[in-house]
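Me: I'd like to go through this structure with you piece by piece, starting with the helices. Could you set out the terms as we go?

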Amino acid sequence: MQMKLSSAIASALATSLVLAAPSHAAKAAAAATPTVREAPLRAHLSFLSSDMLEGRGTGQRGGDLTVAYLEAAAMTAGLKPANGASFRQSVKIAGVKSAPQDSKVVLEAGGKAQSLAFGKDWVWGPGDAQAAHAMDAELVFVGYGITAPEQGWDDYKGLDAKGKILVMMVNDPMPTAAEPDRFGGKGLTYYGRWTYKFEEAARRGAAGVLLIHTDASASYGWSVVQNSWMAERFQLAGGKSGAGMEGWMTESTARGVFAASGQDLDKLRAAAESRDFKPVALGAKVKGETRAEIRMIDQFNVAGLVPGTDPKLKDEVVIYTAHWDHLGKQGSTGDTIYNGAVDNASGSAGLLAMAQEAVKAPAKRSQMFLWVAAEEQGLLGSAAYAASPLWPAAKTAANLNLDSLNFVGATNDIGTKGSERTELGAMAEAVAKSMGMKVAPATPDLAGGYFRSDHFSFAKSGIPAFSVGGGSEYTKDAEAGKVKAKAYGQRYHQVSDEYDASWDLSGMVQQAQFTLNLGRAIANAAKMPAWKAGDAFGKIRAGAQ
C-alpha cells in the first residue's frame, strides 16, 4: 500500500510540474508578472481532495499523507525551507473527548439538583486538556462577559471570577438609537465570538464558562453544538489554556436554572444591554467531578520561502496561507470520507500553483507560503504559528489567506472583506483595477466571519491580514452562477464536498492570481502597510514597535 501511495504522490507532483512548464517565450513574460496556471492548480486540487488522502483529518492518517505531499510539492516548486532546514513546523495538539458516562457532576439551583442530560440540555469539556476536574463552583451571570475599555464597557465590574462558573450570552451588545455604531453596529466584533468569552474567563481564573445558546445568537441550531461537543475536539497543547469547564446550555435549560434560582432570564438579559450592568450571583452551583479522554497529537504546518531580492527589504516577509485540513474520515457505513474539495483543497492547491510561479520572479521582500493545520478545529495551526512565528511579527508585512476558492467561474469582482481595516484595502482596490475587476462592496459582518478564518491569528498579533474571497458577479450566466454558488451551502462540511472534473476553474485561477498580485505589490512597496487609526489590532502592532 505504501508503494502505491508513494507512486500516486509522485505521479501527481510530476503531472503538476509538466502541466506548469511554460514555453521559452512564456518564461520571459513570467519574469515580469508571474502567471498562475490552471493546469497545476487543477492537478493539485484533484489529488488533495481525492479519497487517497481520506479527507485530510486532524490526527488521522490522511492528514499525515497530506503533509508529506505538501512538503514534497513545496520542495519541487523550488521553495526554500522556512524552518531552518525543514519545511515543517510542529503543532502540538490535544484531542479531548468529554466522558459524561464516567463523570459525576450535577448543577444545583435553589438547593435542588437539576435534571440535565449531557448533549440534550448542556455540553461541557475541559479547556485545559486535563482528564479530571473536581467541581464545587457557584454560578454567576456576567451578561455578555465582555471587558472593552475602548467601548467603556465592563461586564465584570470588580467581580473576583476565580473559582466561579461564569454564565454568559454570546454575541455583543446591540446598537441603540443613541449609539448606532457601538460594538460594530450591525456587524459582530471579536468580543461577540464564543472564543473570546472562553479566553477572557480563563484570563480571570474562572473555574468554568457556560454559554447560553439560542439559534439567533449563535447563527446555528443546538444540533451543531451538540454534535461538536459529543465528538472529540481539539485544542493546542501547552501554552495558554482554558478553564476547567467550558460548555453551552440550551436556552430552555438556562431558563429553568435561572427560575429555580429565583431569577428572570429575560430581565437579566435586558439589563445586560446597559453599561450599568453588574454581575449577578445565581445562587446555583456545579458540583462533582467531570472526566474526559485526552490524547496528544503531533501535527504540522508546512512552510516554504521565496527569499527577497532587496538587501534590506528581504528581512521582511509577506505570508500567504491556506489550511490543509478538513474533517477526515467519520462513521463506519456509506461514504465516510469528508473530502473537502472546496474547503479547503482549493486554497491549498491555489497556494501551490502560486508558489510555482512566485519562485520564477522573486520580489523585494521575502514571501512565505504557509499551509496550516487544524483550522477546522479552531484555527489551531495558525494560532500555533502566531505563538511561535518562523518570521518576526514586527517584520511581517501582511498575511493573505485563501479559504474555499471560487469553483463556479470568473467574476467581475473580488472579495476583500476585512482589508478596509488597514492600508491593504486601498492596495487591493488598485490591484483589482489593474486586473479589470472591482472590489466587492463592503457589507456588515453579521456572522463575525473576519474572526473565523486563519488570517485572524495574524491580526491578533498586529499583522495586517484578511482572507481573499471570491466574487459574485459572474461573467458567464450570472444568475446560474449565483444559484450554483448558493447550492454549495448544502455540501459545506458534508461528504458531498467532492472535486468535479467539469468545474470551470477560471474563478479559482483569478482568485489566486489576485492574491499573488496583491502580495507582490505589498512585497515591492516602499513600506509595510499599516492599520487604520484606532483599530484595536493596529494598537497591538504599534505597541510592539
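Reply: Let me begin with burial: buried means under 20% relative accessible area, exposed means over 50%, and partly exposed is in between, with a 1.4 Å probe and protein chains only. Helices (H or I, at least four residues) and strands (E, at least two) are DSSP runs, numbered from the N terminus. This is a predicted model, in which local features need pLDDT of at least 70 and side-chain atom pairs count only at pLDDT 80 or more, while totals for chains, interfaces and linings use all residues. Residues are numbered from 1 along each chain as its sequence is written, and side-chain values use heavy atoms, with hydrogens and water left out.

Me: OK, which residues are buried in H3?

Reply: The buried ones in H3 are Pro-40, Leu-41, Arg-42, Ala-43, His-44, Leu-45, Phe-47 and Leu-48, so that eight of the eleven residues of this helix are buried and H3 is mostly covered.

Me: And how do H3 and H4 cross?

Reply: The axes of H3 (residues 38–48) and H4 (residues 61–77) come within 11 Å and cross at roughly 160 degrees, where axes are lines fitted to C-alpha atoms, for helices over the stretch in contact, and angles run from 0 to 180 degrees between N-to-C directions. H3 and H4 are therefore roughly antiparallel to each other, given that angles over 145 degrees count as roughly antiparallel, under 35 as roughly parallel, 65 to 115 as roughly perpendicular and the rest as oblique.

Me: Which residues make that contact?

Reply: From H3 they are His-44, Phe-47 and Leu-48, and from H4 they are Thr-66, Tyr-69, Leu-70 and Ala-73, with contact meaning heavy atoms within 4.5 Å. By class, the contact has five nonpolar, two polar and no charged residues; here Ala, Val, Leu, Ile, Met, Phe, Trp, Tyr, Cys and Pro count as nonpolar, Asp, Glu, Lys and Arg as charged, and the others, Gly among them, as polar.

Me: What about H12 and H15, at what angle do they cross?

Reply: The axes of H12 (residues 424–434) and H15 (residues 506–524) cross at roughly 125 degrees and come within 10 Å, and the two helices are therefore oblique to each other. The contact is made by Leu-424, Met-427, Ala-428, Val-431 and Ala-432 of H12 together with Phe-514, Asn-517, Leu-518, Ala-521 and Ile-522 of H15, and by class it has nine nonpolar, one polar and no charged residues.

Me: Switching to strands: why is S14 described as largely enclosed?

Reply: Seven of the seven residues of S14 (residues 317–323) are buried, so this strand is largely enclosed by the rest of the structure. Val-317, Ile-319, Thr-321 and His-323 point one way from S14, whereas Val-318, Tyr-320 and Ala-322 point the other way.

Me: Which strand does S14 join with seven bridges, and which with five?

Reply: Seven bridges join S14 to S17 (residues 366–372), and these strands run parallel, with Ala-322 standing opposite Trp-371 in S17. Five bridges join S14 to S18 (residues 396–401), also in a parallel arrangement, and there the bridge partner of Val-317 is Thr-396. Two strands pair if DSSP finds at least two bridges between them.

Me: Then S5, does that run parallel or antiparallel to S12?

Reply: S5 and S12 (residues 245–250) run antiparallel and are joined by four bridges, and in S12 the bridge partner of Trp-124 is Gly-247. Trp-122 and Trp-124 point one way from S5 (residues 122–125), Val-123 and Gly-125 point the other way, and all are buried.

Me: What do the buried residues of H5 pack against?

Reply: They pack against S7 (147–148), S9 (165–169), S10 (208–213), H7 (222–230) and S12. The buried residues of H5 (residues 194–203) are Tyr-196, Lys-197, Phe-198, Glu-200 and Ala-201, and just after this helix Gly-205 takes a positive phi of about 75 degrees.

Me: Last one, Leu-268: buried or exposed, and what does it touch?

Reply: Leu-268, found in H9 (residues 265–271), is buried, with a relative accessible area of 10%. Not counting residues up to four places away in sequence, Leu-268 touches Phe-141, Phe-258, Gln-263, Phe-277, Val-280 and Leu-282.
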